[in-house]
Amino acid sequence: MLYGICMFSTWQAIPPHELAKACEDRGFDSLWLPEHTHIPADRMGPDGKPLPEEYWNTYDPFVALTAAAMATTTLKIGTGVCLVIERDPITTAKEVASLDHLSNGRFLFGIGAGWNKEEMGNHGTAYATRYRLLKERVLAMKAIWTQDEASYRGEFVNFGPMLSYPKPVQKPHPPIFLGGNGPKALEAVADYCDGWFPLGFFKTDFAADIARLREKRPMEVSLFGVKPDEKTVEQLAQAGVSRAIFRVPPAPADKVLPMLDRFAALVHT
């Protein structure tokens with residue numbers, strides 16, 4: 001099993017290039033950074049409680065991951081997750097391809113349909129149709145990455161023929177991991193993604209869901225928010241999880257680096 005690190009990369013925390021180098025030096029395979037463009041001032045969290053301030057203090061993930069890529073040579077870098085439903089697909093396709101080039105094919109494209117109705121509403125996205133919008137934007141980006149003169153016609157996305165380069169280094173494109181634990185997320189993963197990116201906060205038994213997904217085709221599963229203990233890691237490996245991703249807080253280096261040391265000791269024993 002592979003092991004990664006995830007952090008809300010904020011301007012108050014260890015800089016992304018320093019964090020990336022520390023992850024690579026300790027033998028982790030990947031670093032994942034989440035995204036929120038903003039948080040509406042009156043928006044509570046999904047459980048009705050106020051959100052932590054890192055939700056509105058994050059760097060843009062593509063900017064932060066570019067810094068991470070420039071500081072490393074082997075570490076994979078991923079969005080965990082990119083809110084495609086809040087992004088223009090032509091611009092996002094360009095950012096993905098650019099970052100994949102600059103990192104020499106090390107980018108992992110984690111995506112999500114989002115949960116914050118008010119946030120996505122400020123981008124003109126309706127909560128009820130977000131999964132349909134997500135699919136079209138992903139399929140449109142795939143067209144841009146793989147076609148010399150790309151075009152796409154759908155309910156929400158329409159363009160082409162058009163020219164857009166560079167194409168990604170990874171062929172046909174960087175692997176797409178979709179986040180979420182519900183039935184709509186699983187359906188989307190099976191339909192048009194390369195991997196599943198579920199949350200590990202709510203349950204640890206993923207074996208049945210993984211088996212159903214892999215009945216359709218080979219599927220990578222990167223579990224976000226894994227409890228950092230030996231028993232949990234062993235249980236997830238037996239369930240078929242491909243990658244366990246540990247969270248570190250958006251804190252300065254003196255707090256984050258000792259945590260990375262403990263996680264490294266756990267997975268490399």
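Predicted model: local features only at pLDDT ≥ 70, side-chain atom pairs only at ≥ 80, totals over all residues.
Trainee: Which strands form the barrel?
Mentor: The closed barrel has eight strands in the order β1-β2-β3-β4-β7-β8-β9-β10, with parallel pairing. Strands (E, at least two residues) and helices (H or I, at least four) are DSSP runs, numbered from the N terminus. Two strands pair if DSSP finds at least two bridges between them.

Trainee: By how much are neighbouring strands turned against each other?
Mentor: On average by 25 degrees, direction ignored.

Trainee: How many bridges join β3 to β4?
Mentor: Four bridges join strand β3 (residues 76–82) to strand β4 (residues 107–111), and the two run parallel. Thr-79, for example, has Phe-109 in β4 as its bridge partner.

Trainee: Which strands does α2 touch?
Mentor: Helix α2 packs on the sheet and touches β2 (30–33), β3 and β4. Contact means heavy atoms within 4.5 Å. The direction of α2 makes about 170 degrees with that of β3. Axes are lines fitted to C-alpha atoms, for helices over the stretch in contact, and angles run from 0 to 180 degrees between N-to-C directions.

Trainee: At what angle do α1 and α2 pack?
Mentor: Helix α1 (residues 16–25) and helix α2 (residues 61–70) pack at about 45 degrees, with their axes 8 Å apart. The two helices are therefore oblique to each other. Angles under 35 degrees count as roughly parallel, over 145 as roughly antiparallel, 65 to 115 as roughly perpendicular and the rest as oblique.

Trainee: Which residues make that contact?
Mentor: Pro-16, His-17 and Ala-20 come from α1, and Ala-64, Ala-67 and Ala-68 come from α2. Of the residues in this contact, five are nonpolar, one is polar and none is charged. Here Ala, Val, Leu, Ile, Met, Phe, Trp, Tyr, Cys and Pro count as nonpolar, Asp, Glu, Lys and Arg as charged, and the others, Gly among them, as polar.

Trainee: Changing topic, where is Arg-106 found?
Mentor: Arg-106 is in the loop between α3 (89–102) and β4.

Trainee: Is Arg-106 buried or exposed?
Mentor: Arg-106 counts as buried, because its relative accessibility is 9%. Buried means under 20% relative accessible area, exposed over 50%, and partly exposed in between (1.4 Å probe, protein chains only). Leaving aside neighbours within four places in sequence, its contacts include Asp-100 and Gln-170.

Trainee: What about Asn-104?
Mentor: Asn-104 is also found in the loop between α3 and β4, but Asn-104 is exposed, with a relative accessible area of 62%. Asn-104 has a positive phi of about 60 degrees although it is not a glycine.

Trainee: Which residues does Pro-161 contact?
Mentor: Leaving aside neighbours within four places in sequence, Pro-161 is in contact with Glu-149, Ala-150 and Ser-151. At 63% relative accessibility, Pro-161 counts as exposed.

Key: Residues numbered from 1 in each chain as written. Heavy atoms only, no water.
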